[in-house]
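Hi,

Here is the structure I promised to pass along. Have a look at it first, and my notes follow below.

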Amino acid sequence: MVASTDLPQDSLPQTGIVLAATPLGNVADASERLRTLLERADVIAAEDTRRTRALAAALGVEPRGKIVSNFDHNEDARTEELLRDARAGVVLVVTDAGMPLVSDPGHSIVAAAHDAGVPVTCLPGPSAVTTALALSGLSVGHFLFDGFAPRKPGAQETWLRSLVGQERAVCFFESPHRIAATLSRAAEILGADRRAAVCRELTKTYEEVKRGTLEELAAWAEEGVRGEITVVIEGGTRAEENPEDLVELVLERVDAGERMKDACKAVAKAHGVKTGDLYNAALAARAD
């Protein structure tokens with residue numbers, strides 16, 4: 001028995017905003033619902049109209065609606081116009097690759113649609129984040145996604161230091177010309193032996209997943225890395241803190257009017273130490 005690819009009409013929205021994931025590189029990953037809405041949507045809000053037209057052509061689809069640009073520098077100004085269109089018909093929101101809003105345009109229109117009571121739905125599909133996590137072979141049952149790594153040295157160091165005791169894996173994007181330096185700094189701050197994976201050109205002809213320690217990957221990246229890059233760094237081990245080092249935080253809260261026991265309980269919970277040990281350390285400090 002051959003399954004039909006025709007979609008029931010009631011499975012397609014008649015009005016509202018529809019977010020749609022587009023292929024990362026392999027056009028065969030496009031869903032049937034994406035094909036259908038590229039053809040039938042009243043408006044297509046595209047990060048790059050040329051790339052969206054090229055995608056439609058590759059899928060053998062001729063869009064019936066108008067295609068308008070919706071990118072980082074004009075999406076706020078475009079919002080009211082798209083909301084009007086969404087009240088009367090379907091506005092399909094797509095980016096160049098992957099899911100809108102995930103380090104891509106789309107937030108302005110979705111937030112405004114929710115506030116205005118305009119229906120919002122999503123066509124799930126390709127995502128560089130989940131694809132890289134799955135391919136990494138690391139422990140990623142719990143993870144953070146941090147978008148693009150900070151560019152400025154100070155901001156990047158602050159970000160990396162926040163990951164030292166982070167027990168969840170972290171996934172982020174990086175550019176080819178910065179990846180070597182970022183991995184090298186990560187090795188210095190997070191530890192040379194912390195495991196990671198660099199995933200490049202996902203779903204494309206030259207897809208590559210390079211796994212190893214941060215030190216090994218930094219050395220590898222020095223030779224030059226091309227393409228779209230997603231990095232996954234395995235979670236670390238939360239360092240045990242000394243209750244005596246947290247006493248100042250407790251006393252600040254007490255001086256602000258909080259009860260000693262309540263302050264100790266809150267600080268202990270936040271830093272993973274025993275409340276009793278912190279309470280005794282705080283009392284000893286006060287006595288001194």
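**What I found**

The UniProt record, an unreviewed entry, carries the annotation "domain: Tetrapyrrole methylase" over residues 17–218; such annotations may be inferred rather than shown by experiment. Over residues 17–218 the chain is 39% helix and 22% strand, with the end C-alpha atoms 42 Å apart. Helices (H or I, at least four residues) and strands (E, at least two) are DSSP runs, numbered from the N terminus.

Before the details: this is a predicted model, where local features need pLDDT of at least 70, side-chain atom pairs count only at pLDDT 80 or more, and totals for chains, interfaces and linings use all residues. Residues are numbered from 1 along each chain as its sequence is written, and side-chain values use heavy atoms, with hydrogens and water left out.

Helix 3 (residues 75–88) packs against helix 4 (residues 107–116) at an angle of about 45°, their axes 9 Å apart. In the contact (heavy atoms within 4.5 Å), E75, D76, T79, L82, L83 and R87 of helix 3 meet H107, S108, I109, A112, A113 and A116 of helix 4. These residues divide into six nonpolar, three polar and three charged.

On to the rings: there are three aromatic pairs, counted when ring centres of Phe, Tyr or Trp (its six-membered ring) lie within 6.5 Å. F145 and F173 form one that is edge-to-face (planes over 60 degrees apart), at 5.2 Å centre to centre and 65° between the planes. F145 lies in strand 6 (residues 143–148) and F173 in strand 7 (residues 169–174), so this pair ties together parts 28 residues apart in sequence.

Best wishes

How values were computed. Axes fitted to C-alpha atoms, helices over the stretch in contact; angles between N-to-C directions. Nonpolar A, V, L, I, M, F, W, Y, C, P; charged D, E, K, R; others polar. Phe/Tyr/Trp six-rings, centres within 6.5 Å; stacked < 30°, edge-to-face > 60°.
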